[in-house]
Amino acid sequence: MGNKLSGKDLIKLGFPKNNAINIALGQINRYRKREKKESILTEAKQVLLHPEKFKGDGTWGKVAEGLVNPVQVKFNQLKTTRAPFSIFGENEIDEQAKFQLYDALKLPISVKGALMPDAHSGYGLPIGGVLATENAVIPYGVGVDIGCRMSLSIFDLPASFFKGKDHQLQAILKDNTKFGMSETHKIKADHEVFYRDEFKTIPLVKQLLDKAYKQLGSSGGGNHFVEFGIVKLDHPLPEWKLEAKEYVAVLSHSGSRGLGANIAKHYTYLASKQCPLPKNVQHLAWLDLNTHDGQEYWMAMNLAGEYAKACHEDIHRRLAKALGKRIVVTIENHHNFAWKEMVDGKECIVHRKGATPAAKGQLGIIPGSMTAPGFIVMGKGNEDSLQSASHGAGRLFSRAKCKATFTQSQIKKVLADNDVTLIGGNIDEAPMAYKNIHTVMNLQTELVDVLGTFTPKIVRMDR
């Protein structure tokens, strides 16, 4: 008896000759390949006899679903009319980003959409796109970097602390932050996120635990950063116990690293197989939340969001320890995620791909560029924007265009003019690549109130 399981083995057990067998083989050969064939067949027999008992199971759930209530794969046509939508800052947004939103609004599952003033075209949903759907989640509506987020820590230290400490603060950033694919911290930290059930029950996620552990407290490449700067509080909240003045702060921007990227890739593939769409919108394939894969992606996505939060916590903890100072206020938010929220009186899945949640009273941080201020904001709960705001200034030049347009010496001059020190960074993240953040903020006064600003001083990025 060979140890590799085949379709014939399952048919002999009594499995129907349908897709459930292919699914079973795929799951088993991927996640249980080291186990004895006999024990897997014993389990398979139980699944066949009592499929309903295995519906939430990591390995067998999809097989059980195939036996009880198979996912119907049918080609989805787009609707001829768009779901209602609002665009903020229409004149600042490229046409392609608008057309991407218009296409998304024609999906049979779409309920309502919005485009933020920093929007530009992306894969699937445009960056700066918000889309509410009915009981379905679009992996590419969340994006590859699940839980990409901002985190701002304010120290009870006056801005004058920076004077004469340039080299010391640069050294602290260099020594305590890690970027890109290969850098990780020598001394690893533990975190409660690693003990969550999803790391035990979802086979794909289980395989990613080691990677997640190694990468904790590190940041990605591209536009991800950690920076020291000055926070100017104009309207501090009473609970912060801080006066309206200038303080030392740390701002970080990154997401869920390899964990999120692998989750995104896996479930995007599954969505594309279960939800065939016309070619121009195939990136918008969705998973029904009543299916095994839909439920599993939802759990995995939420785990990736918690992991991204844990990464920021670790970054800020390391920097606070190196400074020898205590963080007094942290303001943070995701801007690549999906949430269950009420939209016009019914529960929907709200995808924000490069958009800041801005429910009434909700705090957030909207960065500018490395030479422009970021803004501490409080949401106004505007229904037209699906309670969202921009996630930054938004790109004016694509990465490729930056490389063709700008030079290192131009970037150095702009940094010097703004008294900013940059460690790492590439031409494609040139400050000039971004829209004017003040223009963007002026276009969303009905979405958020501004409580203060953050001005970067020492910026660290991937090389």
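These legends go with a few close-up views of a predicted model. In this predicted model, local features need pLDDT of at least 70 and side-chain atom pairs count only at pLDDT 80 or more, while totals for chains, interfaces and linings use all residues. Residues are numbered from 1 along each chain as its sequence is written, and side-chain values use heavy atoms, with hydrogens and water left out.

View 1. You'll find H391 in the loop between β17 (388-390) and α13 (399-405). Helices (H or I, at least four residues) and strands (E, at least two) are DSSP runs, numbered from the N terminus. H391 counts as buried because its relative accessible area is 15%; buried means under 20%, exposed over 50%, and partly exposed in between (1.4 Å probe, protein chains only). Leaving out residues up to four places away in sequence, H391 touches D118, I127, H335, G354, A355, T356, I366 and P367, where contact means heavy atoms within 4.5 Å. With D118 there is also a side-chain to side-chain polar contact of 2.7 Å. A polar contact is a pair of N or O atoms within 3.5 Å; within protein, one must be able to donate a hydrogen and the other to accept it, and residues adjacent in sequence count only if both atoms are side-chain atoms.

View 2. D145 sits in the loop between α6 (139-142) and β5 (149-158), and H224 in the loop between β7 (218-219) and β8 (225-233). Both are buried: D145 has a relative accessible area of 19%, and H224 has 9%. Setting aside neighbours within four places in sequence, the contacts of D145 include S254, G255, S256, R257 and N336, while those of H224 include C148, F179, H253, R460 and M461.

View 3. Helix α3 (residues 37-49) has 13 residues and should span 18 Å at 1.5 Å a residue, which agrees with end C-alpha atoms 18 Å apart; the expected span is 1.5 Å times one less than the number of residues. Buried here are K37, I40, L41, A44 and V47. These cover an arc of only 110 degrees around the axis, so they lie on the same side of α3; the arc is that of the directions from the helix axis to the C-beta atoms. Over on the other side, T42 and L49 are exposed. The cover over the buried residues includes α1 (7-13), α2 (19-31) and α4 (61-68).

View 4. Most residues other than glycine have a negative phi. D344, though not a glycine, has a positive phi of about 50 degrees. Look for D344 in the loop between β12 (336-343) and β13 (346-353), where it counts as exposed because its relative accessibility is 56%. For D419, phi is near 60 degrees. D419 is in the loop between α14 (408-417) and β18 (421-423), and at 57% relative accessibility D419 counts as exposed too.
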